[in-house]
Amino acid sequence: MLGGAGILLGVAAAPAQAAEVSYKTECIPPSISGLPPVEGTTKVEITAPTEAKVGDEVTITWKFTQAASKNPDVLDLDKDTVKPTGTLKAGGAQTADIAMEGPRQNPAIPKNSAMKLSDMTGKLKLTTAGDVTLTPDAYNINVSKPISTDTKCTPKETVNSSATIKVTSGGTGGTPTPTLPTGLPTLPTGLPTLPTGSATPSPSGSGTDGGSDSGGTDGGGDGGQTDFTGKEVSVPYACKTPIGDKSATSPVQINAKKNGGSYDLTVQFKKSVMDSPADIPADSVKPSMEVALGGADKGAVHVEGPTNSAAIKSGDPIEVPDLTGTYKPGATGTSTLSPGVLTVMALGTTTTCTPTRSEVSLTLDTSQQASGASGGGSTSSGSGSAGTSSSGGLAETGSDSHSALKALGLVAGTVILLGGAVFTFMPGRRTR
């Protein structure tokens with residue numbers, strides 16, 4: 001009898017409750033996937049104490065019994081690469097948004113199979129007596145490999161509360177907190193002394209007028225013209241990647257500066273910067289181009305830019321420096337320069353884009369130099385070949401032995417740059 005009573009007592013004293021709620025949900029896949037929004041049903045089980053006192057901090061658990069969407073037909077997800085985060089709404093006697101987070105802990109998830117998400121936990125400090133309801137809200141699914149991507153899921157209907165905590169008065173509650181605000185006003189009182197000291201130098205900084213510098217293209221004097229500004233041309237590109245053909249159009253401008261018998265070239269992309277849809281590591285994106293020569297001269301000039309020096313976070317603008325190189329004329333006469341084949345190396349992959357229509361950006365009166373560019377298609381510098389074939393087709397990219405990298409690494413590294421708009425890496429500071 002005592003044993004049975006102990007069992008009953010243990011059940012009656014159990015502090016937690018678990019209740020499931022389901023709701024219609026819309027999930028937005030990462031934009032680099034090219035997938036449309038998915039609507040499904042989320043089923044969530046919320047576990048929380050049935051009773052607590054004002055001043056208690058309670059731990060709440062969010063368990064996914066069903067995620068709204070499956071792993072799409074892109075690639076298999078490796079073990080321990082998926083991390084859920086979300087928001088739980090507290091209502092009733094106390095309102096709050098409770099941040100919920102789960103560990104990056106999951107079994108391997110094949111393509112076209114149910115998402116397996118870890119349990120999320122969060123904490124709530126109880127401040128008011130009464131019934132506090134707990135209602136699941138939006139959540140996010142982050143996949144870390146081969147790059148970090150997010151799928152955002154939001155309710156598409158009113159969600160019922162899943163659990164209720166009966167909060168009774170008692171305990172010390174929030175007595176320690178008033179001591180913090182009373183000390184804070186002393187900080188602002190000292191701050192005004194900083195502006196008063198810094199204001200005195202500002203009036204003396206007048207009169208640095210650079211307006212006389214017009215940035216002209218005429219070198220002047222007996223040396224003649226040395227700076228040459230090209231015309232901004234709209235270039236349609238056709239790109240082939242392991243995940244399909246892509247096309248887009250971008251404004252491009254080629255400028256030159258005479259350097260002895262040669263010309264220092266700068267290729268600028270004038271399209272506005274696009275926000276990155278995913279995290280891109282530092283030193284992982286490197287663009288280059290083969291500037292096409294015409295008129296008196298023949299061949300191409302290799303220009304390239306450095307890799308991104310800093311990591312680019314999802315949602316931040318993508319900026320890449322100008323592409324530069326040296327043109328040594330191989331013929332005497334009027335030579336033309338046009339944007340040519342573009343190559344983007346990203347996260348270990350290479351994508352090649354070829355103009356479908358050529359348009360001259362810059363025309364120069366050139367004098368033949370020894371070992372100049374003329375010669376029917378060879379590049380003027382080194383190893384930066386665009387990889388075009390003799391048949392005129394686009395170079396194949398990627399590696400069949402690295403399917404995961406092709407499937408999503410290319411999506412992240414190349415489609416980010418070449419998917420919706422080929423030149424998503426345009427330097428915004430040059431937008432006019």
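Reader: Before we start, what should I keep in mind about the model?

Author: It is predicted, so local features need pLDDT of at least 70 and side-chain atom pairs count only at pLDDT 80 or more, while totals for chains, interfaces and linings use all residues. Residues are numbered from 1 along each chain as its sequence is written, and side-chain values use heavy atoms, with hydrogens and water left out.

Reader: How many aromatic pairs does a search of the whole structure find?

Author: Rings of Phe, Tyr and Trp (its six-membered ring) pair if their centres lie within 6.5 Å; planes under 30 degrees apart are stacked, over 60 edge-to-face, and the rest tilted. The search finds 5. In one of them, tryptophan 62 and phenylalanine 64 have ring centres 5.6 Å apart and planes at 45°, so this pair is tilted. Ring pairs also link Trp62, Phe64 and Tyr139 into a cluster.

Reader: Are tryptophan 62 and phenylalanine 64 buried or exposed?

Author: Buried means under 20% relative accessible area, exposed over 50%, and partly exposed in between (1.4 Å probe, protein chains only). Both tryptophan 62 and phenylalanine 64 are buried.

Reader: Which strands does E4 pair with?

Author: Strands (E, at least two residues) are DSSP runs, numbered from the N terminus, as are helices (H or I, at least four). Two strands pair if DSSP finds at least two bridges between them. Strand E4 (residues 57-66) is antiparallel to strand E2 (residues 38-49) over 5 bridges, with glutamate 45 opposite lysine 63. E4 also runs antiparallel to strand E7 (residues 120-125), joined by 6 bridges; there, glutamate 57 has lysine 125 as its bridge partner.
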